Each structure stands twice: as structure tokens, then as C-alpha cells.
Amino acid sequence: MNEIKIEFKEINPQAFFENGQTLIKIKEVFPKLKLVFRGSFVKAYGDKSELKTFKTKFNLLTDYFLKYNNLTNNILDEILNSDSENFKYFSNENHIITHGVKGNIIRAKTKNQIKIVELSNKYDMLFVVGPAGTGKTYTSVALAVKALKEKKIKRIILTRPAVEAGENLGFLPGDIKNKLDPYIQPLYDALYDMIPTEKLHSYLERGIIQISPLAFMRGRTLNNAFVILDEAQNSTHSQMKMFLTRMGPEAKFIITGDPGQVDLPKKIVSGLNEALNIFKNTRGIKILNLNEKDVIRHELVKRVIAAYN
């Protein structure tokens with residue numbers, strides 16, 4: 001049986017395993033390996049290729065802990081569930097987009113997420129398409145927050161089609177905001193990760209950050225703004241055309257969506273799918289396709305996507 005031995009250099013093993021989930025999650029990801037933690041060393045026994053993967057991921061965990069002195073459940077999941085192609089992106093400072101609440105690092109975590117950053121700097125209109133969990137929305141919102149912090153734009157505008165994902169929500173009580181919140185909650189979730197609550201509320205009240213359904217974009221000219229259309233696969237032909245023609249001076253548009261998760265009635269063509277064909281060779285507009293290798297949720301999400309494909 002193959003064996004490797006790793007030393008905890010400059011790290012107190014007790015502190016490293018202080019989060020009770022650390023050891024549990026490591027064993028869950030490597031069930032075929034026999035792991036022995038003793039003193040300042042860890043020994044692993046098993047298949048050679050599995051041991052190589054374990055060593056790479058374990059070193060990433062210890063490097064992260066040495067630098068930031070903690071291992072949250074999110075970081076554990078991100079590192080342990082990453083694939084070999086994305087290992088190097090977790091420890092590369094060049095891929096940091098911005099810093100979120102309490103200094104939380106917001107960074108591009110995969111090869112294609114890095115491309116989102118690079119292409120958004122080069123193109124004013126960018127289509128980012130791919131399956132669930134690939135970080136399309138989160139990375140785009142992070143780029144918008146970064147641009148606002150650096151005063152490259154004066155406002156952020158986030159919009160989504162108000163289309164239900166296979167469920168009829170029925171009559172919702174409250175004002176227009178209460179009725180629309182279920183549709184745009186994922187955008188709020190991303191923002192709360194990146195901007196302190198009090199400051200975010202101030203931005204929302206002053207209109208520096210605006211979140212609204214796609215239908216409310218009609219008649220507007222969006223200038224000096226970072227604008228994101230999320231879940232664009234649920235826009236219609238007329239909605240997509242209306243949205244794209246809102247672009248004003250000094251504006252940057254990112255359109256995100258998953259062509260495989262259209263919730264529109266069967267007879268209605270997805271505005272995103274149509275736009276991807278129309279603009280595939282248009283100068284100044286770029287299309288980036290993400291895939292299951294960019295999934296940063298649970299490892300099983302990658303398998304679910306691959307199975308459906």
C-alpha cells in the first residue's frame with residue numbers, strides 16, 4: 001500500500017482542527033484513504049493518484065490556515081471539492097477581486113472565473129453562460145462592487161426576469177418590494193457578503209445600488225453604471241432587446257444565465273439563447289461559456305450536471 005507523510009509546519013494541529021467539521025469533511029472527500037493524524041504529522045495510505053490529490057488539497061488547507069488563521073466551512077468545501085484544474089487558483093493573490101465583509105476575500109476560483117474578470121476589463125458587454133453553481137452571478141456582482149469601490153462607476157444596477165422556476169408563487173402580500181424579493185434574493189445574498197449591512201442599506205436607499213425586475217428597465221438609459229442581467233435565460237426576445245438597448249455612455253453590461261434552465265412557457269423563445277446566436281460574431285461583444293469544471297458548490301453538483309448533459 002502506498003503511503004505519504006505530511007508535517008504540520010508552523011501550525012498547531014489542535015488549532016487547525018478546532019473547527020469540528022475540518023476532519024469530518026476531509027474524511028468525507030477521501031473515504032478510500034486510511035488517514036492517521038498523530039502529533040505534528042499526518043499519514044495517508046491508499047491509491048497513488050488519490051494520495052497525490054490528498055496531499056495537494058491538504059497543503060492548500062494548511063497554507064490557507066497559516067495565512068488567515070481560520071478555516072470556515074465554506075473554505076473547506078471550496079478547497080476540498082475543487083478539481084485538479086482549479087487547485088492553483090485558491091492560493092493566487094492575483095485572482096482576488098475585492099474584499100468583502102470582515103475582510104473576507106472575494107476571488108476568482110476557477111480558470112473561467114478568471115476569464116470573466118479579464119474579459120470584463122476588455123469588453124463593455126459580456127455574456128457569461130453556464131450551469132448552476134459556476135459563480136456567474138457572484139463573480140459578476142463582485143466585479144460591480146469592485147468598480148463602485150474604485151469609483152469607476154457611479155451606480156450598480158442588478159436585474160432579473162420575474163419568472164418562477166416551475167412553481168406558482170400565487171398572490172404575495174405586501175408592497176412591490178415584498179412581492180419581488182423572492183425573485184431577486186440571490187442578488188441580495190451576494191451583496192451582503194461584500195458590503196457591510198448598514199452601508200448596503202444606505203446604497204440601496206440612495207439608489208447607488210438598484211435591484212429591480214427586468215420589466216422595470218423599460219424607458220431607462222443606463223449610464224455610468226455597472227449593469228448585470230441575471231437569469232437571462234428567462235427573458236423573452238422583446239425583453240432582451242429592450243435591456244440591451246438601455247446601454248448608455250460609460251456603462252458596462254454583464255448578462256448571465258443558464259441556457260439549460262429556461263422556465264418560460266414552451267412556445268416562448270429564450271431571449272438569452274436567441275442573443276447568443278445573434279451576437280456570436282459581433283465586434284465589441286464577448287460570450288464566455290462556463291462548464292461543470294467551474295462548479296464551486298458541492299462535488300455532487302458537478303456529477304448532477306454531467307449526468308443531465
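This is a short talk on one protein model, from its overall make-up down to single residues.

First, the ground rules. The model is predicted, so I take local features only at pLDDT of at least 70 and side-chain atom pairs only at pLDDT 80 or more, while totals for chains, interfaces and linings use all residues. Residues are numbered from 1 along each chain as its sequence is written, and side-chain values use heavy atoms, without hydrogens or water.

Now the overall picture. The protein has eleven helices and eleven strands. Helices here are DSSP runs of H or I with at least four residues, strands are runs of E with at least two, and both are numbered from the N terminus. Of the 309 residues in the protein, 47% are buried. Buried means under 20% relative accessible area, exposed means over 50%, and partly exposed lies in between, with a 1.4 Å probe and protein chains only.

What about the surface? The accessible surface comes to about 16700 Å², and 50% of that belongs to carbon and sulfur atoms. Those areas come from the Shrake-Rupley method with a 1.4 Å probe; for residues, only the protein chains shown count as cover.

Next, contacts, meaning heavy atoms within 4.5 Å. Take the contacts between residues at least 6 apart in sequence. Of these, 71% join residues at least 24 apart.

Let's look at one helix. Helix α5 covers residues 111-122. It has twelve residues and reaches 17 Å from its first C-alpha to its last, close to the 16 Å expected at 1.5 Å a residue. The expected span is 1.5 Å times one less than the number of residues. Which residues of α5 are buried? They are N112, Q113, I114, I116, L119 and S120. And what do the buried residues of α5 pack against? On the strand side, they meet β5 (105-107), β6 (125-129), β10 (252-257) and β11 (285-289). They also pack against helix α6 (136-149).

The structure holds one cavity of 30 Å³ or more. About 30 Å³ of space lies in the largest cavity. On a 1 Å grid over the protein atoms alone, a cavity is a set of points where a 1.4 Å probe fits but cannot get out, and lining residues have an atom within 4 Å of a point. Points are joined across faces, edges and corners, and the volume is the space filled by probe spheres set on them. The lining residues are R107, K109, Q113, G135, Y138, T139 and I296. By class, that lining has two nonpolar, three polar and two charged residues. Ala, Val, Leu, Ile, Met, Phe, Trp, Tyr, Cys and Pro count as nonpolar, Asp, Glu, Lys and Arg as charged, and the others, Gly among them, as polar.

Now some buried residues. Start with F54, in helix α3 (residues 48-68). Is F54 buried or exposed? F54 is buried, because its relative accessible area is 1%. Leaving aside neighbours within four places in sequence, F54 contacts I4, I6, I26, F30, L33, L35, V42 and A44. F30 sits 24 residues away from F54 in sequence, with 7.4 Å between their C-alpha atoms.

Move to L158, in strand β7. L158 has 0% relative accessibility, so it counts as buried. Beyond four places in sequence, L158 touches V141, L187, L191, Q210, I211, S212 and I228. L158 and Y188 are 30 residues apart in sequence and 9.6 Å apart, C-alpha to C-alpha.

Then Y203, in helix α8 (residues 197-206). Y203 counts as buried because its relative accessibility is 15%. Not counting residues up to four places away, Y203 touches L148, I195, I208 and I209. R155 lies 48 residues from Y203 in sequence, and their C-alpha atoms are 8.9 Å apart.

Now two loop residues with positive phi. K151 is in the loop between α6 and β7 (155-160). Its phi is near 60°, a positive value in a residue other than glycine. K151 counts as exposed because its relative accessibility is 75%.

N224 is in the loop between β8 (209-213) and β9 (225-229). Phi of N224 is near 50°, again positive in a residue other than glycine. At 24% relative accessibility, N224 counts as partly exposed.

Last stop: P182, in helix α7 (residues 176-194). P182 is partly exposed, at 44% relative accessibility. P182 and A162 are 20 residues apart along the chain, and their C-alpha atoms are separated by 9.1 Å.

How values were computed: On a 1 Å grid over the protein atoms alone, a cavity is a set of points where a 1.4 Å probe fits but cannot get out, and a pocket is an open set with protein on both sides within 12 Å along at least five of seven lines; lining residues have an atom within 4 Å of a point.
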